[in-house]
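Below are my notes on the model, point by point. Please read them with the structure open.

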Protein chains: 2
Amino acid sequence: MALTRQAVLDEAIRTLDAYGFADLSMRKLAGALEVQPSALYWHFANKQSLLAAIAESMLGQVAAPDPRLDWDGQVRSWAHGLRAALSSHRDGAELVASVLSMRAEGVDPTRGLVAILHRAGLRAPDARAAAAGVLHFVMGHAVDEQGHAQMQAFGVASAGPGVAPDDPDQRFAYGLELLVDGIRSRLT
Amino acid sequence: MALTRQAVLDEAIRTLDAYGFADLSMRKLAGALEVQPSALYWHFANKQSLLAAIAESMLGQVAAPDPRLDWDGQVRSWAHGLRAALSSHRDGAELVASVLSMRAEGVDPTRGLVAILHRAGLRAPDARAAAAGVLHFVMGHAVDEQGHAQMQAFGVASAGPGVAPDDPDQRFAYGLELLVDGIRSRLT
DNA sequence: ACCTGAACACCGTTCAAGT
DNA sequence: ACCTGAACACCGTTCAAGT
(Lines give C-alpha, C1' and ligand atoms only; values in the text may rest on other atoms or scores of the structure.)
Protein backbone atom coordinates (compact mmCIF):
# COMPACT_ATOMS: atom_id res chain seq x y z
CA MET A 1 0.00 0.00 0.00
CA ALA A 2 1.28 3.41 -0.96
CA LEU A 3 2.01 6.03 1.63
CA THR A 4 -0.62 8.74 1.94
CA ARG A 5 -0.32 12.26 3.22
CA GLN A 6 -2.63 11.31 6.08
CA ALA A 7 -0.54 8.27 7.01
CA VAL A 8 2.55 10.46 7.22
CA LEU A 9 0.68 12.96 9.38
CA ASP A 10 -0.63 10.22 11.70
CA GLU A 11 2.79 8.67 12.14
CA ALA A 12 4.30 12.12 12.74
CA ILE A 13 1.89 12.66 15.62
CA ARG A 14 2.76 9.24 17.04
CA THR A 15 6.45 10.09 16.77
CA LEU A 16 5.80 13.41 18.47
CA ASP A 17 4.09 11.70 21.39
CA ALA A 18 6.84 9.10 21.63
CA TYR A 19 9.95 11.31 21.30
CA GLY A 20 8.88 14.91 21.79
CA PHE A 21 9.13 17.95 19.55
CA ALA A 22 12.91 18.32 19.64
CA ASP A 23 13.42 14.73 18.47
CA LEU A 24 10.75 14.73 15.79
CA SER A 25 12.94 14.54 12.69
CA MET A 26 12.12 13.74 9.10
CA ARG A 27 14.64 10.91 9.21
CA LYS A 28 13.20 9.34 12.35
CA LEU A 29 9.70 9.66 10.92
CA ALA A 30 10.84 8.03 7.68
CA GLY A 31 12.34 5.20 9.69
CA ALA A 32 9.06 4.62 11.52
CA LEU A 33 7.28 4.46 8.15
CA GLU A 34 9.99 2.15 6.78
CA VAL A 35 10.69 4.48 3.93
CA GLN A 36 13.56 6.69 2.75
CA PRO A 37 13.60 10.25 4.16
CA SER A 38 13.27 11.66 0.67
CA ALA A 39 9.95 9.85 0.24
CA LEU A 40 8.32 12.26 2.71
CA TYR A 41 8.99 15.16 0.37
CA TRP A 42 6.54 13.78 -2.11
CA HIS A 43 3.74 14.30 0.42
CA PHE A 44 4.97 17.45 2.18
CA ALA A 45 7.02 20.23 0.66
CA ASN A 46 9.21 20.45 3.76
CA LYS A 47 9.30 19.85 7.49
CA GLN A 48 7.68 23.19 8.25
CA SER A 49 4.53 22.34 6.29
CA LEU A 50 4.32 18.98 8.03
CA LEU A 51 4.49 20.77 11.37
CA ALA A 52 1.82 23.17 10.17
CA ALA A 53 -0.40 20.20 9.30
CA ILE A 54 0.08 18.78 12.79
CA ALA A 55 -0.80 22.16 14.30
CA GLU A 56 -3.89 22.43 12.13
CA SER A 57 -5.04 18.99 13.15
CA MET A 58 -4.59 19.89 16.82
CA LEU A 59 -6.34 23.24 16.51
CA GLY A 60 -9.11 21.74 14.39
CA GLN A 61 -10.35 19.69 17.31
CA VAL A 62 -11.32 22.73 19.39
CA ALA A 63 -15.07 23.25 19.08
CA ALA A 64 -16.73 26.65 18.74
CA PRO A 65 -18.20 27.78 22.07
CA ASP A 66 -21.93 27.41 22.62
CA PRO A 67 -23.41 30.68 21.31
CA ARG A 68 -26.13 30.59 23.97
CA LEU A 69 -23.52 31.41 26.61
CA ASP A 70 -22.97 35.07 27.38
CA TRP A 71 -19.83 36.57 25.91
CA ASP A 72 -17.58 35.95 28.91
CA GLY A 73 -18.68 32.32 29.10
CA GLN A 74 -17.78 31.96 25.45
CA VAL A 75 -14.37 33.51 26.01
CA ARG A 76 -13.66 31.15 28.91
CA SER A 77 -14.89 28.20 26.89
CA TRP A 78 -12.69 29.21 23.93
CA ALA A 79 -9.62 29.58 26.13
CA HIS A 80 -10.14 26.27 27.91
CA GLY A 81 -10.79 24.52 24.62
CA LEU A 82 -7.56 25.84 23.15
CA ARG A 83 -5.62 24.89 26.25
CA ALA A 84 -7.02 21.37 26.10
CA ALA A 85 -6.16 21.07 22.41
CA LEU A 86 -2.58 22.19 23.07
CA SER A 87 -2.29 19.58 25.80
CA SER A 88 -3.61 16.75 23.65
CA HIS A 89 -0.12 15.80 22.47
CA ARG A 90 3.37 15.92 23.92
CA ASP A 91 4.97 19.34 23.42
CA GLY A 92 1.79 20.40 21.60
CA ALA A 93 1.98 23.98 22.85
CA GLU A 94 5.60 24.37 21.80
CA LEU A 95 4.85 22.92 18.37
CA VAL A 96 1.86 25.17 17.76
CA ALA A 97 3.81 28.19 19.05
CA SER A 98 6.61 27.47 16.61
CA VAL A 99 4.17 27.12 13.73
CA LEU A 100 2.42 30.36 14.68
CA SER A 101 5.72 32.21 14.97
CA MET A 102 6.59 31.04 11.47
CA ARG A 103 3.14 32.35 10.41
CA ALA A 104 2.06 29.40 8.35
CA GLU A 105 -0.81 30.59 6.25
CA GLY A 106 -4.24 29.40 7.23
CA VAL A 107 -3.30 28.53 10.80
CA ASP A 108 -5.14 31.24 12.72
CA PRO A 109 -6.72 30.05 15.97
CA THR A 110 -7.92 33.59 16.68
CA ARG A 111 -10.79 33.89 14.24
CA GLY A 112 -13.54 32.44 16.42
CA LEU A 113 -12.53 34.55 19.39
CA VAL A 114 -12.44 37.77 17.39
CA ALA A 115 -16.03 37.12 16.32
CA ILE A 116 -17.11 36.51 19.92
CA LEU A 117 -15.51 39.74 21.10
CA HIS A 118 -16.93 41.67 18.18
CA ARG A 119 -20.45 40.47 18.98
CA ALA A 120 -19.81 41.37 22.62
CA GLY A 121 -19.42 44.98 21.56
CA LEU A 122 -15.74 45.59 20.82
CA ARG A 123 -15.02 47.34 17.54
CA ALA A 124 -12.92 45.31 15.12
CA PRO A 125 -9.37 46.54 15.94
CA ASP A 126 -10.03 46.24 19.67
CA ALA A 127 -11.49 42.77 19.22
CA ARG A 128 -8.36 41.70 17.33
CA ALA A 129 -6.05 43.19 19.93
CA ALA A 130 -7.97 41.60 22.80
CA ALA A 131 -8.08 38.24 21.01
CA ALA A 132 -4.32 38.42 20.48
CA GLY A 133 -3.91 39.12 24.19
CA VAL A 134 -5.98 36.11 25.19
CA LEU A 135 -4.18 33.91 22.64
CA HIS A 136 -0.76 34.97 23.90
CA PHE A 137 -1.80 34.28 27.45
CA VAL A 138 -3.13 30.80 26.68
CA MET A 139 -0.13 29.88 24.53
CA GLY A 140 2.39 31.20 27.04
CA HIS A 141 0.70 29.42 29.89
CA ALA A 142 0.47 26.13 28.00
CA VAL A 143 4.11 26.23 26.84
CA ASP A 144 5.16 26.93 30.40
CA GLU A 145 3.01 24.20 31.85
CA GLN A 146 4.13 21.52 29.40
CA GLY A 147 7.77 22.52 29.70
CA HIS A 148 7.48 22.25 33.44
CA ALA A 149 5.97 18.78 33.15
CA GLN A 150 8.88 17.80 30.90
CA MET A 151 11.43 18.87 33.49
CA GLN A 152 9.65 17.02 36.26
CA ALA A 153 9.62 13.89 34.12
CA PHE A 154 13.37 14.31 33.68
CA GLY A 155 13.78 14.81 37.39
CA VAL A 156 15.34 18.23 36.87
CA ALA A 157 12.76 19.74 39.20
CA SER A 158 14.06 23.34 38.92
CA ALA A 159 12.97 26.35 40.89
CA GLY A 160 10.92 27.43 37.87
CA PRO A 161 12.08 30.29 35.67
CA GLY A 162 9.81 32.76 33.98
CA VAL A 163 6.97 31.64 36.08
CA ALA A 164 6.15 30.47 39.59
CA PRO A 165 4.83 27.07 40.66
CA ASP A 166 1.38 27.02 42.34
CA ASP A 167 -1.48 25.07 40.78
CA PRO A 168 -1.50 25.47 36.97
CA ASP A 169 -5.30 25.30 36.76
CA GLN A 170 -5.69 28.09 39.28
CA ARG A 171 -2.99 30.19 37.64
CA PHE A 172 -4.69 29.73 34.30
CA ALA A 173 -8.12 30.63 35.64
CA TYR A 174 -6.76 33.69 37.46
CA GLY A 175 -4.90 35.07 34.43
CA LEU A 176 -7.88 34.43 32.17
CA GLU A 177 -10.20 36.24 34.58
CA LEU A 178 -7.84 39.23 34.56
CA LEU A 179 -8.31 39.50 30.81
CA VAL A 180 -12.06 38.90 30.94
CA ASP A 181 -12.42 41.65 33.55
CA GLY A 182 -10.27 43.93 31.47
CA ILE A 183 -12.42 43.29 28.41
CA ARG A 184 -15.59 43.86 30.41
CA SER A 185 -14.38 47.27 31.51
CA ARG A 186 -14.07 48.28 27.83
CA LEU A 187 -17.59 47.29 26.84
CA THR A 188 -19.62 50.19 28.25
CA MET B 1 45.11 36.82 23.27
CA ALA B 2 43.12 33.98 24.72
CA LEU B 3 39.42 33.72 24.16
CA THR B 4 37.29 34.78 27.11
CA ARG B 5 33.77 33.80 28.03
CA GLN B 6 32.74 37.42 27.49
CA ALA B 7 34.34 37.53 24.03
CA VAL B 8 32.40 34.43 23.02
CA LEU B 9 29.20 35.98 24.35
CA ASP B 10 29.80 39.25 22.51
CA GLU B 11 30.53 37.50 19.22
CA ALA B 12 27.46 35.30 19.70
CA ILE B 13 25.28 38.40 19.96
CA ARG B 14 26.90 39.86 16.84
CA THR B 15 26.27 36.58 15.02
CA LEU B 16 22.67 36.61 16.22
CA ASP B 17 22.14 40.10 14.83
CA ALA B 18 23.82 39.20 11.57
CA TYR B 19 22.22 35.79 10.86
CA GLY B 20 19.22 35.40 13.16
CA PHE B 21 18.38 32.84 15.81
CA ALA B 22 17.85 29.88 13.49
CA ASP B 23 21.30 30.33 11.94
CA LEU B 24 23.18 30.96 15.15
CA SER B 25 25.25 27.78 15.34
CA MET B 26 28.24 26.86 17.44
CA ARG B 27 30.19 26.15 14.25
CA LYS B 28 29.38 29.49 12.66
CA LEU B 29 30.25 31.27 15.90
CA ALA B 30 33.55 29.40 16.10
CA GLY B 31 34.29 30.43 12.54
CA ALA B 32 33.69 34.09 13.38
CA LEU B 33 36.09 33.76 16.31
CA GLU B 34 38.60 31.92 14.09
CA VAL B 35 38.68 28.97 16.41
CA GLN B 36 37.63 25.31 16.34
CA PRO B 37 34.02 24.58 17.38
CA SER B 38 35.26 22.47 20.25
CA ALA B 39 37.08 25.48 21.73
CA LEU B 40 33.72 27.01 22.67
CA TYR B 41 33.02 24.13 25.04
CA TRP B 42 35.80 25.25 27.29
CA HIS B 43 33.89 28.48 28.00
CA PHE B 44 30.31 27.19 27.85
CA ALA B 45 29.10 23.74 28.80
CA ASN B 46 26.81 23.60 25.77
CA LYS B 47 24.81 25.71 23.35
CA GLN B 48 21.87 25.99 25.72
CA SER B 49 23.96 27.68 28.41
CA LEU B 50 25.36 30.10 25.84
CA LEU B 51 21.81 30.99 24.81
CA ALA B 52 20.91 31.42 28.47
CA ALA B 53 23.82 33.84 28.86
CA ILE B 54 22.59 35.85 25.88
CA ALA B 55 19.09 35.95 27.36
CA GLU B 56 20.45 37.06 30.72
CA SER B 57 22.45 39.83 29.12
CA MET B 58 19.35 41.03 27.26
CA LEU B 59 17.10 40.86 30.31
CA GLY B 60 19.73 42.46 32.52
CA GLN B 61 19.46 45.71 30.64
CA VAL B 62 15.85 46.33 31.69
CA ALA B 63 15.84 48.79 34.58
CA ALA B 64 13.55 48.50 37.60
CA PRO B 65 10.59 50.90 37.31
CA ASP B 66 10.69 54.17 39.25
CA PRO B 67 9.14 53.30 42.64
CA ARG B 68 7.61 56.78 42.89
CA LEU B 69 5.15 55.84 40.14
CA ASP B 70 1.86 54.37 41.23
CA TRP B 71 1.53 50.62 40.80
CA ASP B 72 -0.07 50.71 37.35
CA GLY B 73 2.59 53.10 36.09
CA GLN B 74 5.21 50.68 37.33
CA VAL B 75 3.51 47.75 35.59
CA ARG B 76 3.36 49.68 32.31
CA SER B 77 6.98 50.72 32.69
CA TRP B 78 8.04 47.13 33.42
CA ALA B 79 6.18 45.79 30.40
CA HIS B 80 7.54 48.43 28.04
CA GLY B 81 11.05 47.92 29.38
CA LEU B 82 10.87 44.18 28.78
CA ARG B 83 9.46 44.70 25.30
CA ALA B 84 12.29 47.09 24.48
CA ALA B 85 14.88 44.63 25.80
CA LEU B 86 13.44 41.82 23.68
CA SER B 87 13.61 44.06 20.63
CA SER B 88 17.22 45.09 21.22
CA HIS B 89 18.54 42.21 19.11
CA ARG B 90 17.35 40.27 16.09
CA ASP B 91 15.00 37.43 17.11
CA GLY B 92 15.53 38.48 20.72
CA ALA B 93 12.01 37.55 21.77
CA GLU B 94 12.22 34.11 20.20
CA LEU B 95 15.60 33.47 21.82
CA VAL B 96 14.43 34.53 25.28
CA ALA B 97 11.22 32.52 24.86
CA SER B 98 13.22 29.42 24.01
CA VAL B 99 15.48 29.91 27.02
CA LEU B 100 12.50 30.44 29.31
CA SER B 101 10.75 27.36 27.96
CA MET B 102 13.88 25.34 28.73
CA ARG B 103 13.73 26.87 32.24
CA ALA B 104 17.38 27.82 32.56
CA GLU B 105 17.97 28.42 36.21
CA GLY B 106 18.40 31.99 37.28
CA VAL B 107 16.70 33.47 34.25
CA ASP B 108 13.48 34.80 35.77
CA PRO B 109 12.33 38.15 34.40
CA THR B 110 9.25 38.02 36.60
CA ARG B 111 10.74 38.80 39.99
CA GLY B 112 10.55 42.59 39.82
CA LEU B 113 6.96 42.52 38.61
CA VAL B 114 5.82 40.14 41.33
CA ALA B 115 7.18 42.56 43.92
CA ILE B 116 5.35 45.47 42.31
CA LEU B 117 2.05 43.59 42.29
CA HIS B 118 2.55 42.39 45.83
CA ARG B 119 3.12 45.94 47.04
CA ALA B 120 0.04 46.98 45.09
CA GLY B 121 -2.03 44.71 47.29
CA LEU B 122 -2.17 41.30 45.62
CA ARG B 123 -1.40 38.35 47.85
CA ALA B 124 1.63 36.31 46.77
CA PRO B 125 -0.02 33.55 44.65
CA ASP B 126 -2.19 36.10 42.86
CA ALA B 127 0.80 38.36 42.27
CA ARG B 128 2.69 35.44 40.74
CA ALA B 129 -0.25 34.44 38.55
CA ALA B 130 -0.82 38.01 37.39
CA ALA B 131 2.90 38.52 36.71
CA ALA B 132 2.94 35.32 34.65
CA GLY B 133 -0.02 36.65 32.69
CA VAL B 134 1.70 39.93 31.92
CA LEU B 135 4.94 38.14 31.04
CA HIS B 136 3.15 35.78 28.65
CA PHE B 137 1.41 38.67 27.01
CA VAL B 138 4.60 40.68 26.49
CA MET B 139 6.55 37.67 25.26
CA GLY B 140 3.80 36.53 22.92
CA HIS B 141 3.37 39.99 21.51
CA ALA B 142 7.10 40.50 21.00
CA VAL B 143 7.61 37.11 19.31
CA ASP B 144 4.69 37.88 17.04
CA GLU B 145 5.93 41.35 16.22
CA GLN B 146 9.50 40.29 15.46
CA GLY B 147 8.37 37.29 13.45
CA HIS B 148 6.15 39.56 11.41
CA ALA B 149 9.05 41.92 10.76
CA GLN B 150 11.10 38.94 9.59
CA MET B 151 8.48 37.93 7.07
CA GLN B 152 8.18 41.45 5.72
CA ALA B 153 11.94 41.58 5.30
CA PHE B 154 11.71 38.35 3.32
CA GLY B 155 8.88 39.78 1.24
CA VAL B 156 6.55 36.97 2.30
CA ALA B 157 4.00 39.54 3.46
CA SER B 158 1.38 37.02 4.65
CA ALA B 159 -2.11 37.73 5.88
CA GLY B 160 -0.81 37.24 9.41
CA PRO B 161 -1.64 34.06 11.35
CA GLY B 162 -2.22 33.91 15.05
CA VAL B 163 -2.62 37.61 15.16
CA ALA B 164 -3.99 40.49 13.14
CA PRO B 165 -2.08 43.40 11.63
CA ASP B 166 -2.97 46.89 12.93
CA ASP B 167 -0.35 49.02 14.65
CA PRO B 168 1.83 46.91 16.99
CA ASP B 169 2.28 49.72 19.49
CA GLN B 170 -1.45 50.21 19.77
CA ARG B 171 -2.11 46.48 20.02
CA PHE B 172 0.51 46.23 22.74
CA ALA B 173 -0.89 49.15 24.70
CA TYR B 174 -4.44 47.84 24.39
CA GLY B 175 -3.60 44.34 25.57
CA LEU B 176 -1.53 45.67 28.43
CA GLU B 177 -4.34 47.95 29.54
CA LEU B 178 -6.70 44.96 29.58
CA LEU B 179 -4.43 43.25 32.09
CA VAL B 180 -3.89 46.41 34.15
CA ASP B 181 -7.65 46.94 34.36
CA GLY B 182 -8.13 43.32 35.31
CA ILE B 183 -5.54 43.62 38.06
CA ARG B 184 -7.13 46.85 39.31
CA SER B 185 -10.49 45.15 39.69
CA ARG B 186 -8.85 42.59 42.05
CA LEU B 187 -7.30 45.14 44.39
CA THR B 188 -10.31 46.24 46.43
C1' DA C 1 44.70 26.39 31.35
C1' DC C 2 43.19 26.54 26.87
C1' DC C 3 42.83 24.96 22.26
C1' DT C 4 43.33 21.66 18.00
C1' DG C 5 42.04 17.69 15.18
C1' DA C 6 39.42 14.19 14.34
C1' DA C 7 35.68 11.70 15.02
C1' DC C 8 30.60 10.32 16.22
C1' DA C 9 25.99 10.51 15.53
C1' DC C 10 23.06 13.01 13.72
C1' DC C 11 20.16 16.82 10.68
C1' DG C 12 16.87 18.87 6.22
C1' DT C 13 16.72 18.84 1.47
C1' DT C 14 17.61 17.86 -3.56
C1' DC C 15 17.59 15.14 -7.53
C1' DA C 16 18.59 11.76 -10.92
C1' DA C 17 17.09 7.32 -11.52
C1' DG C 18 14.09 3.50 -11.02
C1' DT C 19 9.29 1.20 -11.14
C1' DA D 1 2.58 8.74 -9.56
C1' DC D 2 5.48 7.50 -6.04
C1' DC D 3 9.69 5.99 -4.12
C1' DT D 4 14.95 4.74 -3.81
C1' DG D 5 19.86 5.84 -3.46
C1' DA D 6 23.19 8.78 -3.10
C1' DA D 7 24.78 12.96 -2.30
C1' DC D 8 25.29 17.98 -0.35
C1' DA D 9 25.81 21.01 3.16
C1' DC D 10 25.24 21.28 7.37
C1' DC D 11 24.50 20.36 12.90
C1' DG D 12 26.02 19.72 18.57
C1' DT D 13 29.17 17.39 21.26
C1' DT D 14 33.16 14.51 22.94
C1' DC D 15 37.81 13.57 23.74
C1' DA D 16 42.54 12.41 23.18
C1' DA D 17 46.33 15.01 22.17
C1' DG D 18 49.03 19.07 21.87
C1' DT D 19 51.09 23.55 23.87
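1. The side chain of A:Gln146 has a polar atom 3.1 Å from the backbone nitrogen of A:Gly92. This is a predicted model, and the distance should be read as such. A:Gln146 belongs to helix 8 of chain A, residues 124–154. Leaving aside residues up to four places away in sequence, A:Gln146 touches A:Leu86, A:Ser87, A:His89, A:Asp91, A:Gly92, A:Ala93 and A:Glu94. A:Gln146 counts as buried because its relative accessibility is 16%, under the 20% limit.

2. Helix 8 of chain A also holds A:Asp144, which pairs with B:Arg103 in the loop between helix 6 (92–101) and helix 7 (111–120) of chain B, so the pair joins two chains. The contact is a salt bridge between the side chains of A:Asp144 and B:Arg103, with an N to O distance of 3.4 Å. Both partners are buried: A:Asp144 has 12% relative accessibility, and B:Arg103 has 6%.

3. Over all chains, the structure contains 24 salt bridges. A network of them links A:Asp72, A:Arg76, A:Glu177, A:Asp181, A:Arg184 and B:Arg186.

4. A:Asp72 and A:Arg76 form a salt bridge through their side chains, at 3.5 Å from N to O. The two residues are four apart in helix 5 of chain A (residues 71–86), about one turn of the helix. A:Asp72 is buried at 12% relative accessible area, whereas A:Arg76 is partly exposed at 26%.

5. In the salt bridge between A:Arg184 and A:Asp181, the closest N and O atoms are 2.9 Å apart. The pair sits in helix 9 of chain A (residues 168–184); because the residues are three apart there, about one helical turn separates them. A:Asp181 is buried, with 14% relative accessibility, while A:Arg184 is partly exposed, with 35%.

6. Phosphate oxygens of DNA strand D lie 2.6 Å from a polar side-chain atom of A:His43, 2.9 Å from a backbone N or O atom of A:Gln36 and 2.8 Å from a polar backbone atom of B:Lys47. Sugar or phosphate accounts for 51% of the atoms of DNA strand D within 4 Å of the protein, and bases for the rest.

How values were computed. Residues are numbered from 1 along each chain as its sequence is written. Chains are lettered from A and ligands numbered from 1 in the order in which they are written. This is a predicted model: local features need pLDDT of at least 70, side-chain atom pairs count only at pLDDT 80 or more; totals for chains, interfaces and linings use all residues. Side-chain values use heavy atoms; hydrogens and water are left out. A residue is near a molecule or strand if one of its heavy atoms lies within 4 Å of it. A polar contact is a pair of N or O atoms within 3.5 Å; within protein, one must be able to donate a hydrogen and the other to accept it, and residues adjacent in sequence count only if both atoms are side-chain atoms. Buried means under 20% relative accessible area, exposed over 50%, partly exposed in between (1.4 Å probe, protein chains only). Contact means heavy atoms within 4.5 Å. A salt bridge is a side-chain nitrogen of Lys or Arg within 4 Å of a carboxyl oxygen of Asp or Glu.
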